[in-house]
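Me: Could you take a close look at one part of this model for me, and then walk me outward from there? I'd like to know how it sits and what its surroundings look like.

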Amino acid sequence: MSTMSARIDLPSTTSPGNPDLSTPSNPDLHMNIIPRTQGNVMLSRVANSLYWMSRYIERAENISRLLDVNLQILLDFGAPSGEILDEHWLPILRSAGDEETFFKHHETADSESVTEFMTFSLENPSSVKSCLFAARENARQIRDQISLEMFEVINECYLFLTSKNAREVWQEGAHDFYEQIKRYSHLFQGLTDSTFSRNQGYEFIQFGKFLERADKTSRILDTKYHILLPDIHDVGGAIDAAQWQAVLRSVSALESYRRAFVTETVPWKAAQFLIFGDTFPRSIRFCLTRVDHFLHMLAGTDRNEYNSPEERTFGKLYSEMNFMNVEDIMKQGLHEYLARVRLVLDKLDDFIYSRFIYYPPIDMEAEIRTHQQEMQQQQQRAQE
């Protein structure tokens, strides 16, 4: 896809709505208008940019959270051995879907190489810098569709990342750097709620945000599955508890978890909170509830109405959460369940693209032939 099109590709999203950067933009796509039962309509390119602008900002924030917390947990355990470092950082790469891309450019996964790759590398389309550059490009293309305040905060973040000061802040203290990225994201979301009209564009922004958040929460939770403990006896011990606390901190859930469960960090309770917490805004259930809400608004369907196969698959996953508990998930496998969640979300992303954003190219020769045939038929009827 051309850098001038509304969407910039990330490898962890495999939908047809996320083509390769080298693919030229399709001018016909930019002319498509989304059907709307209300009085307003929206160009598909605008919906596309709003959707991906929101997803990229949310993705950059979640990558920042993941890296910040995992750097902190290394400090908690001092200077671990090389083997433990591999066990620590490889799951982080897997959770972001960056492992294959990383080893094309690096031989070993250590603190410096992984954090630099996932933060600044433009060779990694999922890095914090790549995501925020993509968000700013999408915002620039629809500058007239978003508020001045929304664009200014994205542009300010872009200028920060392109300055020498960004590297200096990161090198002097990575925590301060990632906190700054999170503040930009929170400021953007707050300004969106305060300055953006509640129209179809807002629905695309929110749908993209919560779809991305549900995906990333499942990936962050899945990192615990991939982390290999040094010894089986450590399960339930200090290392295990510290890792679960790191997972909770990665989504800013530790304080909320402790208010819900006053006791120490218990693995199954942490998993329950991050999957089924219906009041915590980063739990999978909370995110799926918002995705379901905005899906029906975009599709113009009634609640509990799912027409396409992708919608029905999502509706089944969402409704199951009302009848399942964490024990059911643990029996079928936490990793397997989280992988299913991501697969369903990927298919829903495909549906949104094909239903609202993609517009197939027009075959002009076929259109001309059809028009000529219609003219001939009209002439024949006139002669008769």
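Reply: **A loop serine and beyond**

S252 counts as partly exposed because its relative accessibility is 36%; here buried means under 20% relative accessible area, exposed means over 50%, and partly exposed is anything in between (1.4 Å probe, protein chains only). This is a predicted model, in which local features need pLDDT of at least 70 and side-chain atom pairs count only at pLDDT 80 or more, while totals for chains, interfaces and linings use all residues. Residues are numbered from 1 along each chain as its sequence is written, and side-chain values use heavy atoms, leaving out hydrogens and water.

You will find S252 in the loop between α10 (238-250) and α11 (254-260). Helices (H or I, at least four residues) and strands (E, at least two) are DSSP runs, numbered from the N terminus. Most residues other than glycine have a negative phi.

Another non-glycine with a positive phi is N304, at about 70 degrees. N304 belongs to the loop between α13 and α14 (309-320), and its 62% relative accessibility makes it exposed. Just after α13 comes G300, with a positive phi of about 70 degrees as well. The helix itself, α13 (residues 284-299), has 16 residues and reaches 22 Å from its first C-alpha to its last, close to the 22 Å expected at 1.5 Å a residue; the expected span is 1.5 Å times one less than the number of residues. Its buried residues include I284, L288, V291, L295 and L298. An α-helix has 3.6 residues a turn, so residues three or four places apart point the same way.

Not counting residues up to four places away in sequence, L66 touches I92, S95, I220 and S250, where a contact means heavy atoms within 4.5 Å. L66 lies in α1 and, at 4% relative accessibility, is buried. The C-alpha atoms of L66 and K216 are 9.7 Å apart, although 150 residues separate the two in sequence.

Further along in our tour of α1 (residues 44-76) is E61, which counts as buried because its relative accessibility is 0%. Leaving aside neighbours within four places in sequence, E61 is in contact with K182, S185, H186, Q189 and R282.

Next comes α8, which spans residues 174-195. One of its residues is L191. Setting aside neighbours within four places in sequence, L191 is in contact with E149, M150, V153 and F196. L191 and L148 are 43 residues apart along the chain, with 9.7 Å between their C-alpha atoms.

M150 and V153 are also among the buried residues of α6, a list that includes F151, I154, C157 and F160. Helix α6 has 15 residues and reaches 21 Å from first C-alpha to last, close to the 21 Å expected.

Between α6 (148-162) and α7 is a loop that holds S163. At 26% relative accessibility, S163 counts as partly exposed. Its side chain reaches the backbone oxygen of F160 at 2.7 Å.

Helix α7 (residues 164-172) then packs on α8 at an angle of about 130 degrees, with the axes 5 Å apart. Axes are lines fitted to C-alpha atoms, for helices over the stretch in contact, and angles run from 0 to 180 degrees between N-to-C directions. The pair is therefore oblique: under 35 degrees is roughly parallel, over 145 roughly antiparallel, 65 to 115 roughly perpendicular, and the rest oblique. On the α7 side the meeting residues are A166, V169, W170 and E172, and on the α8 side A174, D176, F177 and Y178. By class, this contact has six nonpolar, no polar and two charged residues; Ala, Val, Leu, Ile, Met, Phe, Trp, Tyr, Cys and Pro count as nonpolar, Asp, Glu, Lys and Arg as charged, and the others, Gly among them, as polar.

Helix α5 (residues 128-141) is worth a glance too: it is mostly covered, with 12 of its 14 residues buried. Among them are K129, R136 and E137.

Finally, the whole chain. There are 17 helices and two strands, and 52% of the 384 residues count as buried. Of the contacts with a separation of 6 or more, 64% are between residues 24 or more positions apart.

Conventions:
A polar contact is a pair of N or O atoms within 3.5 Å; within protein, one must be able to donate a hydrogen and the other to accept it, and residues adjacent in sequence count only if both atoms are side-chain atoms.
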